[in-house]
Amino acid sequence: MITVTMQLRSREQQLGCALALRFLALVPWGIPRARALDNGLAMTPTMGWLHWERFMCNLDCQEEPDFCISEQLFMQMAELMVSDGWKDAGYEYLCIDDCWMAPQRDSKGRLQADPQRFPGGIRRLANYVHSKGLKLGIYADVGNKTCAGFPGSFGYYDIDAQTFADWGVDLLKFDGCYCDSLEHLAYGYKRMSFALNQTGRSIVYSCEWPLYMWPLQKPNYTEIRQYCNHWRNFADVYDSWQSVKSILDWTSSNQESIVDAAGPGGWNDPDMLVIGNFGLSWNQQVTQMALWAIMAAPLLMSNDLRHISPQAKALLQDKDVIAINQDPLGKQGYRLRKGNNFEVWERPLSDLAWAVGILNRQEIGGPRSFTISIASLGRGVACNPACLITQLLPVKRELGFYEWTSRLKTQINPTGTVLLRLEETNQDASKSLL
Ligand code: GLA
């Protein structure tokens, strides 16, 4: 239930505040956004599907033909991405993770797909994926081996970039296992970035460089943004609430270092969406979708599109939530405050709109009400002097017009999130409709 109370203030007072605060809103932590990798890609966060969390390194096509990492799995997903509305919703990149390779390079030093599991090779798979209007992603590693022990790209950066381009690959996830020093890590990530650009093919470059740096040294995000289209910062997502919470906690504790690094062309990557699997309750799935939208995260689902509930599908295909994730302003949101087991997150959007997510972190009891003062949102400029508020999640509901001085009361389920969109309106128009 939503209630609202209003106090009237003079228009001058409101406009004065609005101007001062609007300036502040433009400089969240005062750090100018650095130049992005200049390949023209990922102007909004990448959307697609990535096999790792759901299918991992299942090599056993004898025992589990439908779940092993094989061309059949990707062809089936490609078909479903088109027939079940995923492509139309924006999910475009179908991405292979680790364990696609044969254990050895070929006689010319090129990586090759496992011949039993990918009998047609990656080029034929890429052609198939392209014929569906989708793009293909692949995986390799900056070090001597991939995390699962397949051949690494160290010493082969140019050959591997050219091989991927020749096959028609559109995205490279470049992992950081088995790299012996910070210098090699930086050299390898930069070198592969150049090598991909040298091929002349448009290939989104997804890095894990900062994740592997953090234990040893604070990453330089200005530099990382110049080489990568997105970058993982933190541990692998698992199919559990514990994992999603830990990613949110890491992101908010480090937001002053990472939020300003994000923008068109380069994004922080909190890892895959695990919505539609086994480990998250409905409310927790809502939380992941809402917060990944606020974090301007790449939306890479890892689930089984052959077996997914209509509810999870509708959540993943929610066009209003996707519009927040894909907002062209390209500013990442942040946690505004926490207390009493609630967290308030917000994200500035284009046209002076804002997204606000209110998360109930309490894991006991029932829905709890939370009342928020509108003036405390959006650095004081959201909803000033008035705005139209729409609740997008857990269900879509128009909440009506609110003034800057008003308060909004909402109810949030345990581990759930209420996602709101605040659209600026002019005062006269809003008054006539109140
Ligand atoms: C690392 C990455 C994961 C996945 C696995 C594959 O753990 O962080 O996302 O790619 O390797 O082995």
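Mentor: A salt bridge is a side-chain nitrogen of Lys or Arg within 4 Å of a carboxyl oxygen of Asp or Glu. The model is predicted, so local features need pLDDT of at least 70, side-chain atom pairs count only at pLDDT 80 or more, and totals for chains, interfaces and linings use all residues. Residues are numbered from 1 along each chain as its sequence is written, and side-chain values use heavy atoms, with hydrogens and water left out.

Trainee: To how many salt bridges does the count come by this rule?

Mentor: Some of these pairs join into a network, which includes Arg-232 and Asp-236. By the rule just given, the total count of salt bridges is 20.

Trainee: Is Arg-232 buried or exposed?

Mentor: Buried means under 20% relative accessible area, exposed over 50%, and partly exposed in between (1.4 Å probe, protein chains only). The salt-bridge partner of Arg-232 is Asp-236, at 2.7 Å from N to O. Asp-236 has a relative accessible area of 39% and is therefore partly exposed. Arg-232 has 2% relative accessibility, so this residue counts as buried.

Trainee: How far apart are the end C-alpha atoms of helix α10?

Mentor: Helices (H or I, at least four residues) and strands (E, at least two) are DSSP runs, numbered from the N terminus. The expected span of a helix is 1.5 Å times one less than its number of residues. Helix α10 has 13 residues (241–253) and should therefore span 18 Å. The distance between its end C-alpha atoms agrees with this: 18 Å.
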